[in-house]
Structure formats: C-alpha cells, structure tokens
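Have the sequence and the model open side by side. The paragraphs below go from element to element.

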Amino acid sequence: MKIGHEEVAHVARLSQLMLNESEAEQMLTSLREILENMQILAELTPSPNAPAAEVSDTAPSATPAAWIREDVVLPSTARSALLANAPVANGESLIVPKSVE
Amino acid sequence: MSILHMSALALSSAIRARKLSAPEALRELLREISRTEGTIHAYLATDPASALQEAERVQAAIDRGELTQSPLAGVPIALKDNICTGHLKTTCASRMLADFLPPYCATVAEKLVGQGMILHGKLNMDEFAMGSTTETSCFGATANPWNIDRVPGGSSGGAAAAVAVGSAVCALGSDTGGSIRQPASHCGVTGFKPTYGTVSRYGLIAYASSLEQIGPIARDAADCAALMDVIRGRDARDSTSIPSGERAYHAALTPDVHGLRIGIPIEAMEGNGEGDLAPDVGARISEMALQFEKMGAVVEKCNFPLMRHAVSAYYIIATAEAASNLARYDGIKYGHRAKGEMPLSELYARSRSEGFGQEVKRRIMLGNFVLSAGYYDAYYRRALEAKRSITASLDALWKTYDLLLLPTAPTTAPRMGVSLADAMGMYSADRYTVLANLAGIPALTLPCGFGADGMPIGAQLLGPAHSDARILSVGYAYQQVTDYHTWRAREVSV
C-alpha cells in the first residue's frame, strides 16, 4: 500500500508540523521507503488465541500494595521555577495568544 | 599522578588513599576537556566553577571520614544532555530546548551526587536521542576520537567519544534502540543497557518510554557495574521502575566463566537479507567466542529467525511513542515559541517546525502515521505482536543459553555525512541492538578488537531479564584476559 501526498498532509496536521512543498516531497519519499521495508511484519501470523499484545508485557500486572503511597498532600514545584522556562509569562501566568474572539 | 588513563574505580581509590584530591583530579580533567574539545566537540555544557566547588565539598567529606561506602566518591562524571540537571541546561541537542533549565534533577543525578560523584558536564547527542551518529544534534556533530572523519555513533555519541578520548572518566547515556551500546562500540569503550525498569527514568527526557533506560559508558565492565550500583533501584517517581536486588553488582564480579553457556544466533552472523555484516566485525566476534571457550564457557550456534522483524517492530513502536512524547512541545509552557502574532494552532505548528530538526520530524510523522485510523492494525498492532514474539523467542533461548553473543554494529564507525543520506540503511544497522530494548533485557557491549580500518569493534552480550550482574561479571572476566578496553584513542589520533 503506497502512501501519497494526501496521507503526508494529513499526518503533518496530526503531528502539528508545517512542511513546505520540498519538505513534503522528501518526507513522502522517505516514509514510502521505510513503510515498504516494514511490510516484513506481514510475515508474522499471530496465534488467534493470543491475548492482545501490550506495550509493556514485562511490567507487573497489578501495582504491589507496598508501592502505593499514602494519600497525603506533598509540596508542588514552585510557580516561579515552572514559569522560569516559559517563553512569555507575567510572573503569575503563562501568556498565550488569544484564541477566543 | 595523571588521572587520564585511570578507571573510575582506580581514581576513587587513589583519591580516598590521599594520593591526589578530588579537586586536583577534576582540574586535570577540565584541562583535558579544553585540550580536546576543539577537535572532538563531545560537550554541550560544562560548569567548571560549580564542579570545582562540588569537588571541594566532596573532598572535605572524604577528609571527615565520610563516603567510605561509596566506591566512586570523588570521581567526575558527565551526563548525556537528555538527563535533567537543575544547574546545567538540558537541551536534548535541540533548538526546541536550547535554553531549557530544568526545574528539577533526574533521580540518577541525585544518586550520583549522593555517592560523592561530581557532575561536571552535559554531553552531545542526536536530537531527542533520535539517531545513530550524533550528527542530528542542532549544535553540530561530535567526532570519533579514533578518526575525526568518522562519526562516534549515536545517540550517546558525546558520552562515548569523551570517555574514549579521556575528556570524561565515565558517563551516563540513554539507550532506546542501542544508543549506549552502538557509540560505545564505535569508540572502543564499554557500555551497558540495564533490564528495563532497573534505573529510574525520572528526569530522562522521554523518547520512547517503554524501551529506554539510562546506563553507564565507561572504560571497563567493572566501572559499569560500580556505576550501576549507584544509579539503580526502585524509584517512587517512576512507576515503571522495579527493585533490582540487594547485592552490589560490583561485589559479584568474578573472572570465572566455567560452564557458562553462550549462544551465537546464526542470523546475526549471516547477512540474512538485511545488509551485510562486515567480515572484520564477524571475525572479531568469532575470536571473542574462541576466547570464551578457552576460558571454559560452552559456545554454540543457535537459531533466532524472528530477529529479522526486530528493526521494523522497533521503529514502529519507538516512533509511535515518540510522536506521543513529543506532542508536549507546543511552545506554550517551555521550549521554543515562534515569534509574531498568529492563531494558536499556527503557533503550535510553527513552533514545532522551527524547533525540531529533520530526523525528529520524520520520526514524529512515522509515529503518527502508524497510530492513525486505517493503519493502526497493519503497523502498530503488528509491531506489538512482533515484540511479543521476539521476547518469546528469547525466552525459549534462555532455557538453553545463559547469554547470547552477537555483534553490536554491522560495521565500524561510518564516515560523517554518509548515514543521514540513507535513513533505512541507518535504521537497519540497529538490528543487533534493538533486540534488547524490545524484550526489556540487559545488554553489554565490550571492545573486542579492531577492524581492517583501525577502528574499534564491539561485541554484545545479551542475557535474560534481571541477569544484569551476571552479564557485567562475564564482561569483567573477558577484560581480565584481553586488553582491547585499555587501548586509548589519544594514542592513535587527536
């Protein structure tokens, strides 16, 4: 199955990325080659009775009781520290473009 | 005495025996950084003044009789620049985070400081850990100290190059698909990826959360074991972290490998249609196998046909997770924001497009594609099934073998500029390393000789989950009877 310009444009929107024409063309060529190579996975036929694969089959299936902390309030990070990296802030809040008329 | 050829353990012993002080050791290292950085460019940030202050503080603690249970006290260490440090910018080698000073420290950073180690710098890497050459760093590439026209590997290229040239005693990198092991192999040093969950990822800026681990890059397996003892352990702040046993890995090192059963997958040694294994790399792996036989191990060929699916499974899962993890970079709370007045949705897209490099954009696109409606089953779900099948294959092999031996990379370090022109070729070269990430198992790379071009070659040992101490011990045993890990790049060229 070969992807085209529409798929690239759609995925760019999903990815919140802007691609100019030349970047979109390069991305199309690149993604086509990569996806073509990934067709090798079609060789695998999972057993129909196998449970659905999960992201982490190695993590404990239930959190041990000892790892659940007490339900108490702990200090948060100071506001000043969190705003220190903000591109635009006024000491109290982040400043963002107006999005509601 | 000069510290420049010393292992971390030997350096700490010397400091604690008063042969030199922690500040003296650090000052010599800082001079070496100045001497080599113009050529190698391994570092993105150093803070000599605060590092020296820390060295004085650690020395005072040692003088008071403290830190006696810390085998690495007084040793300087540098961190890959995706590990958050509160006093040094953490950029992931990206324009997106070029000015980011974290409001917190990674758990591993706190642990290192707690054991009297001195954080003295942040190391270059591929942008957001996406790459195999360190060329995608927005701050410029790092050179391989063995030949500065070659890449150091990636994405922990700065870490491997610094340890190789001697401008770091030891370092921490991160490994999502081979990013500790492959650069360690290309730079002739030792690198270790732990069992998934062994080391807390709190403070590791995420690329692919179900695959990655922080791990050591150092002069030898003993140093790696000692560093693992510092950084491992269950952390309440990382819900995927797990306990890793009370006994120190370093205390478990033994030169005895009698009766150890080692399998070499034939698919790893033959091209198997994915690209060739360079003959000199194959030869060095075979020599390592013979060495282990001489030491009393049993080495056999084995079959691992599902290996051929590993690269595809890895790149689908890793990019899917990356697309999710990097969705947070929208120019609002931190990171690069596009200048000028524009609607919010355009602000997001413009900030991201200006902040991310080409390889990061490609992986975000690929990740969102494989998760999108109409393609999820054919790609992402299949990849998860392949991951499960690969893990099951390995579980079957562990019934017969204690370890698997295979190459770390199919060739020696490529020339600069070559890999990025062939993305699929670059991805395919990860076929030996991604196995350990997909299965969540530990893997160690050891220098095992040199190629026909004089460049270092590394071999990998893989083991079952939670066999970290044993793998490091086997690596230690190999390094008692070989000397490849003692060769220094600075003797060859700088």
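Helix α5 (residues 157-165) of chain B is largely enclosed by the rest of the structure, because nine of its nine residues are buried. Buried means under 20% relative accessible area, exposed means over 50%, and partly exposed lies in between, with a 1.4 Å probe and protein chains only. Helices (H or I, at least four residues) and strands (E, at least two) are DSSP runs, numbered from the N terminus. The buried residues of α5(B) include Gly157(B), Ala161(B) and Val165(B). Just after α5(B), Gly166(B) has a positive phi of about 100 degrees.

A word on the basis. This is a predicted model, in which local features need pLDDT of at least 70 and side-chain atom pairs count only at pLDDT 80 or more, while totals for chains, interfaces and linings use all residues. Residues are numbered from 1 along each chain as its sequence is written, chains are lettered from A and ligands numbered from 1 in the order in which they are written, and side-chain values use heavy atoms, with hydrogens and water left out.

Next, strand β9 (residues 403-407) of chain B. Five of its five residues are buried, so β9(B) too is largely enclosed by the rest of the structure. Strands count as paired if DSSP finds at least two bridges between them. Strand β7 (residues 261-265) of chain B runs parallel to β9(B), with two bridges. Here Gly263(B) has Leu404(B) as its bridge partner. Strand β11 (residues 456-462) of chain B is antiparallel to β9(B), with four bridges.

Now move to strand β3 (residues 118-123) of chain B. Six of its six residues are buried. Strand β1 (residues 43-46) of chain B joins β3(B) through three bridges, antiparallel. Tyr43(B) sits opposite Leu123(B) there. Strand β2 (residues 76-80) of chain B joins β3(B) through five bridges, parallel. Pro76(B) has Ile118(B) as its bridge partner in β3(B). Between β2(B) and β3(B) the chain passes through helix α4 (residues 107-114) of chain B, in a right-handed β-α-β crossover. Right-handed means that, with the strands pointing away from the viewer, the path from the first strand over the helix to the second runs clockwise.

Which residues have the most contacts inside the largest nonpolar core? They are Leu112(B), Phe128(B) and Phe292(B), in a core of 184 residues. Helix α10 (residues 310-325) of chain B gives the most to this core, with 10 residues. A nonpolar core is a set of buried Ala, Val, Leu, Ile, Met, Phe, Trp, Tyr and Cys residues joined through side-chain atoms within 4.5 Å. Leaving aside neighbours within four places in sequence, Phe128(B) is in contact with residues including Met96(B), Ile205(B), Tyr329(B) and Phe356(B). Contact means heavy atoms within 4.5 Å.

The largest pocket has a volume of about 500 Å³. Among its 24 lining residues, the closest to its centre are Phe100(B), Tyr104(B), Ile205(B), Arg328(B) and Tyr334(B). A pocket is an open set of points on a 1 Å grid over the protein atoms alone, where a 1.4 Å probe fits, with protein on both sides within 12 Å along at least five of seven lines; lining residues have an atom within 4 Å of a point. The volume is the space filled by probe spheres set on the points, which are joined across faces, edges and corners.

Helix α3 (residues 79-83) of chain A gives the largest share of this lining, three residues. Chain A has three helices and zero strands. Buried residues make up 23% of its 101 residues.
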